[in-house]
Amino acid sequence: MTDKLTAGVTAPDFTLEDAEGRTVALADYRGRNVVVYFYPKAATPGCTTEACDFRDSLSALDAAGYAVIGISPDSVDEIRAFAQAEGLNFPLLADRDAAVARAWGVWGEKSVGDRTFDGVIRSTFVLDGDGVVQRAEYGVDADGHVARLRAELGA
């Protein structure tokens with residue numbers, strides 16, 4: 001696993017494509033609090049649960065001053081299909097080479113059943129308007145994660 005981010009550090013910037021093929025940069029969010037979450041694979045059960053929880057919580061998070069961005073190593077076509085199928089109303093970004101995942105410390109060894117492989121460790125970050133990490137959570141559980149985060153953020 002690469003080095004993990006901790007509270008108080010400036011998050012590494014990125015520029016990635018969204019589900020429509022437009023470029024989105026973390027710098028586009030300067031001046032606004034943002035929740036950046038990394039998920040392993042679009043349209044899988046845990047990732048769908050988490051994405052739909054963010055979708056259903058977006059108005060409350062927005063009212064509390066937080067934007068939401070989801071990032072995975074999926075292709076633009078995969079995240080487009082996922083966003084459309086689930087009615088996702090926030091940016092999903094394609095990190096095809098996992099360079100951003102590595103820079104944020106969310107790429108590492110994981111196990112599913114008998115298989116061990118490298119991939120995205122489900123993780124969530126809360127950044128302030130200057131891009132400084134306020135909260136870094138690695139290895140979160142998809143179930144109940146967004147509700148807990150909302151409560152902790154007062155959203």
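Is Arg122 buried or exposed, and what is its relative accessible area? Arg122 is buried, with a relative accessible area of 14% (buried: under 20%; exposed: over 50%; partly exposed: in between; 1.4 Å probe, protein chains only). The model is predicted, so local features need pLDDT of at least 70 and side-chain atom pairs pLDDT 80 or more, while totals for chains, interfaces and linings use all residues. Residues are numbered from 1 along each chain as its sequence is written, and side-chain values use heavy atoms, without hydrogens or water.

**View 1. Salt bridge between Glu50 and Arg122.** The two side chains meet at 2.8 Å, N to O (salt bridge: a side-chain nitrogen of Lys or Arg within 4 Å of a carboxyl oxygen of Asp or Glu). Glu50 lies in helix H1 and Arg122 in the loop between strand S7 (115-120) and S8, so the pair ties together parts that are 72 residues apart in sequence (helices: DSSP runs of H or I, at least four residues; strands: runs of E, at least two; both numbered from the N terminus). Glu50 is buried, at 0% relative accessibility.

**View 2. Salt bridge between Glu152 and Arg135.** The N to O distance is 2.4 Å. Because Glu152 belongs to helix H4 (residues 145-153) and Arg135 to strand S9, the bridge ties together parts 17 residues apart in sequence. Glu152 is partly exposed at 40%, and Arg135 is partly exposed at 24%. A network of salt bridges links Arg135, Glu137, Arg148 and Glu152.

View 3. Thr124 is buried, at 1% relative accessibility. Its side chain makes a polar contact of 2.7 Å with that of His145 (polar contact: N or O atoms within 3.5 Å; within protein, one able to donate a hydrogen and the other to accept it; residues adjacent in sequence count only if both atoms are side-chain atoms). Beyond four places in sequence, Thr124 touches residues including Val35, Tyr37, Glu50, Arg135 and Leu149 (contact: heavy atoms within 4.5 Å).

**View 4. Aromatic pair of Phe125 and Tyr138.** The pair is edge-to-face, with 5.3 Å between centres and 85 degrees between planes (pairs: rings of Phe, Tyr and Trp, the last by its six-membered ring, with centres within 6.5 Å; stacked under 30 degrees, edge-to-face over 60, the rest tilted). Both Phe125 and Tyr138 are buried. Ring pairs join Phe14, Phe38, Trp104, Phe125 and Tyr138 in a cluster.
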